[in-house]
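Please open the model in your viewer and keep the sequence panel beside it.

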Amino acid sequence: MYSDGWGFFRGDDFSNAKSAKGVPALARLQKANEGKERITIRLDADVLAWFRDQVKGGGNYQSLINEALRMHISERDGTLERTLRKVIREELRTAA
């Protein structure tokens, strides 16, 4: 085995290789994933199973998880505003 890590490719000719941008299918994939970051995350098996079950007819469970997280963030971000509006309404009723 080669110690340089390139043993598998030794003898292969990459002189005509194209970058991902030069291959339309790969370029589309790169464009579709702009702004996304690859991570490793551990989810409970039942949670992951639920998301996968939701897209059995087609779709992407990872996109569904992303959407669920965005909805949660959106709801949390609006909590302070809703609370303030409620307090102001109650104070205005009390003052009237």
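## The whole chain

Read from the N terminus on, the elements of the chain run α-α-α. The secondary structure comes to 3 helices and 0 strands, where helices (H or I, at least four residues) and strands (E, at least two) are DSSP runs, numbered from the N terminus. This is a predicted model, in which local features need pLDDT of at least 70 and side-chain atom pairs count only at pLDDT 80 or more, whereas totals for chains, interfaces and linings use all residues. Residues are numbered from 1 along each chain as its sequence is written, and side-chain values use heavy atoms, with hydrogens and water left out.

Display the C-alpha trace, which spans about 85 × 35 × 30 Å along the principal axes of the chain. The radius of gyration of the chain is 25 Å, while a compact globule of 96 residues would have one near 12 Å; this radius is taken over C-alpha atoms, and the globule rule is 2.2 Å times the number of residues to the power 0.38.

Of the 96 residues of the chain, 6% count as buried, where buried means under 20% relative accessible area, exposed over 50%, and partly exposed in between (1.4 Å probe, protein chains only).

Select I39, which lies in the loop between α1 (24-32) and α2 (45-54). I39 counts as exposed because its relative accessibility is 56%.

## Rings

Which two residues form the aromatic pair that is edge-to-face? The structure holds 1 aromatic pair, and W50 and F51 form it, edge-to-face, at 5.0 Å centre to centre with 90° between the planes. Rings of Phe, Tyr and Trp (its six-membered ring) pair if their centres lie within 6.5 Å, and planes under 30 degrees apart count as stacked, over 60 as edge-to-face and the rest as tilted. W50 counts as partly exposed at 47% relative accessibility, whereas F51 counts as buried at 12%.

Now select R52 and Y61: the charged end of R52 sits over the ring of Y61, 4.8 Å from its centre. A charge sits over a ring if NZ of Lys or CZ of Arg is within 6 Å of the ring centre and within 35 degrees of the ring normal.

## Salt bridges

Side chains of opposite charge can pair when their charged atoms come close. The structure holds 2 salt bridges, a salt bridge being a side-chain nitrogen of Lys or Arg within 4 Å of a carboxyl oxygen of Asp or Glu.

For one of them, select K56 and D53, whose closest N and O atoms are 3.3 Å apart. K56 counts as exposed at 68% relative accessibility, and D53 is partly exposed with a relative accessible area of 41%.

For another, select E81 and R85, where the closest N and O atoms of the bridge are 3.1 Å apart. E81 and R85 are separated by about one helical turn because they are 4 residues apart in helix α3 (residues 61-95). E81 counts as partly exposed at 45% relative accessibility, and R85 likewise counts as partly exposed, at 48%.

## Distances across the chain

Finish by drawing C-alpha to C-alpha distances. R76, placed in helix α3, counts as exposed at 58% relative accessibility; R76 and I39 are 37 residues apart in sequence and 23 Å apart in space. K86 is also found in helix α3, and the C-alpha atoms of K86 and A49, 37 residues apart along the chain, are separated by 38 Å. V23 has its place in the segment before α1 and is partly exposed at 28% relative accessibility. The C-alpha atoms of V23 and S74, 51 residues apart along the chain, are separated by 37 Å.
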